[in-house]
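Open the model in your viewer and keep the selection panel at hand. We will go stop by stop.

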Amino acid sequence: MTNFSALENATLPKIMRSPKTVRLEISSKCNLRCLYCYYFDNHAVDYTNLPTEQWLQFFVELGNMAVMDVSLGGGEPFLRPDLIDLIEGIIQNKMRFNIISNGTLINDHIAEYIAGTRRCNYVQVSIDGASPKIHDSCRGKGSFVKAIEGIKTLQRHDVPVVVRVTLHHRNVHDIANVASFLLDELRLSVFSTNSAGYLGACRKNAGEILLTNTDRQVAMGELLILSQKYPGRITALAGPLFEAKYWREMEVARLNNDPAFPKGGHLTACGCPFGEISVRADGMIIPCSMLAHVVLGRINSDSLQEVWLNNPELNRLRMRQNIPLNEFDFCRDCDYMPYCTGNCPGVAFTLTGDINHPSPDACLRKFLAEGGNIP
Amino acid sequence: MNKPKKTPVQNPLTVLRVEFDDWAILFDPDSAKTMGINPTGVAVWKLIDGQKEIEDIVKGVKEKFSDVSTSAEKEISDFIDELYRNGFIGYSLNGET
């Protein structure tokens, strides 16, 4: 990892006494094998599952730390036969939960149970297209029909449902259909978007899955139009819609020679280590699923409170925001530097081998140099 | 006959989550309601034990903090009412005296 002079005298920013949210990969198994999955095919990860009682023991610690929310993901959480027992443990320890799912295993029984808990913030289901042909092209035959049935089952039981649409090379021309299907036909209040990233299984399928520069251009234009058609109902924290909006702001600032953005010019993009932490299916505590190789401790052996407040690796990640972009050859002479935040350290790591590096995947100058235009 | 006195009682589900510099969040996991409170609010919250009446709580705050304003009694009473309206506490009625 690169050493930076900026880190030598930097002080650790204030952090909360405990994370607000803890993300749990409760299942290392999945019934699908999506071509762009970030989770599987990570050599650093031991794909085993903790037994019920170890999770329940950990939930007591989370409750004592006043953690507010746990996010249940994986893998596919609905594959755990003890899912209800785990949710009961969350409830007993005064927390709320959400579930990140492919939607294909949701039935009336589990939906009715989830609704009855009154503690579910939402179940997020991944939908990639408005038809089986598009959706199943990356997620496997039959998955579209089952996922939609899963969404309808959740809706029937008044469980809050959100949908994540991951954009990739095979669905980029279906965005308008997806929006209409989700918002008009299924009557969801909102859906979020991102794009397939160079992580996990996606790395070996990158050539056929990742958005090309042209795809990205199409996606940005289309999503901006759809955002006007469906105000406030299409969201993004990353991917083409986020980039379309943020890159516009960067371009305006550059043209006006505006002062740096409040978080611009440094590796400030990732706020996750200040509010949340993750646990792998094998019980290893990690900063985030995108940084699954950065092991900070093990649940029920190491105190999460101690890890959260004092783990040197986690604090180094928090200090990343002190590293100026002008220390990187990659950023040299870039007019956008005062407005850039360096983006996701997880993608930066898989692309460059260094967490403390700007992510080349989300570089506006690179996008423009390769023929892209700001929409 | 005196009015029955109200004794605030914490909702046992409510979570006190201390964050920065003794500021905190009260959180009801059933309703998902949250309320940010300052260090004085945290002190008030900790004094709500189902036994103390509001005047006892005001007294407890005055003992803990040296610079308590003259309007403290009303402010604390209003704060406790706000906790009640948000479901973070209930009142037990001590009956007539």
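How many residues of chain A are in contact with chain B, and how many of chain B with chain A? Ten residues of chain A touch eleven residues of chain B. Colour the chain A side by class: four residues are nonpolar, none is polar and six are charged. Bear in mind throughout that this is a predicted model.

**Stop 1: the sheet of chain B**

Select S2, S3 and S4 of chain B. These three strands form an open sheet in the order S2-S3-S4, with antiparallel pairing. The edges are S2 (15–18) and S4 (33–37), each pairing on one side only. Look along the sheet: neighbouring strands are turned by 25° against each other on average, direction ignored.

Now zoom in on S2(B) and S3(B), residues 24–28. Four bridges join this antiparallel pair. Pick B:Val15; the bridge partner in S3(B) is B:Phe27.

**Stop 2: two helices of chain A**

Select residues 132–139 (H5) and 143–156 (H6) of chain A. Their axes come within 8 Å and cross at roughly 105°. The two helices are therefore roughly perpendicular to each other. On H5(A), show A:Pro132, A:His135, A:Asp136 and A:Arg139; on H6(A), show A:Ser143, A:Phe144 and A:Val145. These residues make the contact. By class, the contact has three nonpolar, two polar and two charged residues.

**Stop 3: the nonpolar core**

Keep H6(A) on screen. The largest nonpolar core has 118 residues, and H6(A) supplies the largest share, five residues. Which residues have the most contacts inside this core? They are A:Val70, A:Phe97, A:Val123 and A:Ile285.

Centre on A:Val70. Leaving aside neighbours within four places in sequence, A:Val70 is in contact with A:Val22, A:Leu24, A:Leu62, A:Ile90, A:Met95 and A:Phe97.

**Stop 4: a loop residue**

Go to A:Leu267, in the loop between helix H10 (240–255) and strand S8 (276–279) of chain A. Is A:Leu267 buried or exposed? A:Leu267 counts as buried, because it has 29 C-beta neighbours inside 10 Å, and the cut-off for buried is 20 or more.

Show the contacts of A:Leu267 beyond four places in sequence: A:Arg320, A:Gln321, A:Ile323, A:Gly342, A:Asn356 and A:Pro358. Finish with a distance label from A:Leu267 to A:Pro345: 8.7 Å, C-alpha to C-alpha, across 78 residues of sequence.

Definitions and conventions: Residues are numbered from 1 along each chain as its sequence is written. Chains are lettered from A and ligands numbered from 1 in the order in which they are written. This is a predicted model: local features need pLDDT of at least 70, side-chain atom pairs count only at pLDDT 80 or more; totals for chains, interfaces and linings use all residues. Axes are lines fitted to C-alpha atoms, for helices over the stretch in contact, and angles run from 0 to 180 degrees between N-to-C directions. Angles under 35 degrees count as roughly parallel, over 145 as roughly antiparallel, 65 to 115 as roughly perpendicular and the rest as oblique. Two residues are in contact if their C-beta atoms, placed from the backbone, lie within 7 Å. Ala, Val, Leu, Ile, Met, Phe, Trp, Tyr, Cys and Pro count as nonpolar, Asp, Glu, Lys and Arg as charged, and the others, Gly among them, as polar. Two strands pair if DSSP finds at least two bridges between them. A nonpolar core is a set of buried Ala, Val, Leu, Ile, Met, Phe, Trp, Tyr and Cys residues joined through C-beta atoms within 7 Å. A residue is buried if 20 or more other C-beta atoms lie within 10 Å of its own, exposed if 12 or fewer, and partly exposed in between; C-beta atoms are placed from the backbone.
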